[in-house]
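Student: I'd like to learn how to read packing and aromatic rings in a model. Can you walk me through it?

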Amino acid sequence: MIFISVLSLISIAANASGWFQFQRDEVNSGITYDDAPIDVEMGWISPILRGMVDVTPIIAQGKVFVLSSAGYITAYNKTTGSEIWHKSFVPAHGQPIGYETSTPAFADGKIFFATSFGEVKCFQAGNGSEIWSKDYSETFINESFQTPITLAEGKVFTATYKQDKMGEPLIGHYIALDQANGCMIWNFTISGNSYNWDGAAYVQDSGENGLLIFGDCRGNIRCVYTENGSRRWNIALGGTNEIRSSIAFYNDKLYFTSRTDTTGHVRCYDYNPETDSQPSHEWSAQIGYTTSTPSYYDGKVYAGSGQQSGSGGMYCLNAATGEKIWNITGTKYAVQSSPAISVQGSNAYIYFTTNTANGSAYCTDDDGNIEWEWNPPGPDEDYILQGMSISDGMAYFGTDKGYVYGLKQGNKDLVIADIDTGWPANCGLITYTIRNAGQVTIEAGHTTALYVNDIKAAEDIVTFNLNPGQSLQRSFPTYTWTYSGTRDKIEVKADFKDDINEEEDEGNNNRTEYWKCGDITQNGEVTVGDVVELFNDISTGSYHDGWSADVTRNGGVTVGDVVELFDKISLSQEPECGC
């Protein structure tokens, strides 16, 4: 539906720099036009929290909001990671705290969250003061909120989960609360069924009636009116299908994943809320066990597969047919998270995490090339259930160890640290030391150029990766330098062909030295001062450059060179060095 699609695009653009709900907005798009790291380094790490972090961070008002399993919600400065406030939400009735997997949401200066012990709360985002708190544990006995919060129309939408002793879903309630006070507006109940991670998409029909679309644990997709919770339509997938993803809506399509005991699918349904009485099935694509909410961009659908410590991957599918375009799979790619997409100019980048022991965060381009893998530092070697949120060039996530991370764009910075003549063993084979002064690894394949007296003499392709702080000594084996007899300008230029994008400081890529025989003080002249300097250097064994001091051309530096240099100066003759 054009109306909804345009609204979605306007919403994404207008709300840049925030990540306000699960998958960013009320249609679970997972898309932002904010930059995110293409080369990565850690911007900040939080102190260890009490409990695990199994929800995506919410970003708003320059803050990062995180819910932890030990009963805390914490606000951090999104740039520095410094804590702004934290609040405990341990229930008064003392019920044990469990996994907290209901992702909070932000609107109008307030942060809303629901808990595993049946409470829904609203705090001021600025200082963490409580606005209201509602305990629904007696209304929904032994039920937990495990579904992301969706905010729309001044309402809070979320759902409860309850299972029997065999682990089968028993009962569930999808509810609408008033954002102003937390009072219940309506309750959509299912029996012999429940809701677990079944986040809703909010859309409107032609009469601007709000519609809420969500799945359940028995493989049904339901649509209810947001005004009163009455059902508009229901679709049953059948079999043993279970839906553990939110519903994503984009371009008149519904995208979600479902799973059985043995496999899982990404599913696409055509749905125009203005004209269609209910959706029609477009395609299904098998990707394996999945709880991931799909994201759509530019004709492609992205979704993860896998479960804790198992195999899995990230899949890219053709949005029109469901055919696989590419995937990244393996035992370390158990992706239960939902992909976040950063659109940067004409390029899109996909961000996700892996729910494996010692899990990692990843970024790929839209062709499936891995831009980076970032593994949290020790002692954090735990699982990462939920994915990343993106804002203002940074990406954020938490881990089961209880840490929260802010990742930023890593700096690339190549420096030519030294140039050498090769004296005495390989005199004339010019060598250079190249160093990575940045914070991210620089991959092999960039070119260094050698200029002698302003004429390009040779090139060298660096064939090794350079880790942060690492140096390599390289040479120009196709060129042999011979001293001109007066003074030679030697210049080495790193990344000569601009193979490295977005280098922090292009100005320090080049190093220039002037080589003159006998110029011990390196001031461009040969005087008695150089004789004195050479004598002192020999006395201390600390001469800077053996080539310029070896005026006897015997491959060493001795008192004989001091005598020879003095004689040449006395006779107004240019000293002669090797090479």
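This is a predicted model: local features need pLDDT of at least 70, side-chain atom pairs count only at pLDDT 80 or more; totals for chains, interfaces and linings use all residues.

Student: Okay, then which residues is Trp481 in contact with, leaving aside its neighbours within four places in sequence?

Tutor: Trp481 is in contact with Thr421, Gly428, Ile430, Val452, Asp488, Ile490, Trp515, Trp547 and Cys579. Trp481 also belongs to the largest nonpolar core, which has 35 residues. Along with Ile430, Ile434, Leu450, Ile490 and Trp547, it touches the most other members. Among the elements that give two or more residues to this core are strand 36 (431-436), strand 40 (488-493) and helix 3 (546-549). Apart from it lies another core, of 29 residues, with Val40 and Tyr396 among them.

Student: And how do I read a pair of rings?

Tutor: A pair of aromatic rings is described by the distance of the centres and the angle of the planes. The whole structure has 34 aromatic pairs. Take Tyr174 and Tyr195: their centres are 5.0 Å apart, with 80 degrees between the planes, so the pair is edge-to-face, as planes over 60 degrees apart count that way.

Student: Which parts does that pair tie together?

Tutor: Tyr174 lies in strand 14 and Tyr195 in the loop between strand 15 and strand 16, so the pair links parts 21 residues apart in sequence.

Student: Are Tyr174 and Tyr195 buried or exposed?

Tutor: Tyr174 is buried, at 0% relative accessible area, and Tyr195 is buried at 0% too.

Student: What about a charge over a ring?

Tutor: The charged end of Arg244 sits over the ring of Trp197, 4.2 Å from its centre.

Conventions:
Residues are numbered from 1 along each chain as its sequence is written. Side-chain values use heavy atoms; hydrogens and water are left out. A nonpolar core is a set of buried Ala, Val, Leu, Ile, Met, Phe, Trp, Tyr and Cys residues joined through side-chain atoms within 4.5 Å. Buried means under 20% relative accessible area, exposed over 50%, partly exposed in between (1.4 Å probe, protein chains only). Helices (H or I, at least four residues) and strands (E, at least two) are DSSP runs, numbered from the N terminus. Contact means heavy atoms within 4.5 Å. Rings of Phe, Tyr and Trp (its six-membered ring) pair if their centres lie within 6.5 Å; planes under 30 degrees apart count as stacked, over 60 as edge-to-face and the rest as tilted. A charge sits over a ring if NZ of Lys or CZ of Arg is within 6 Å of the ring centre and within 35 degrees of the ring normal.
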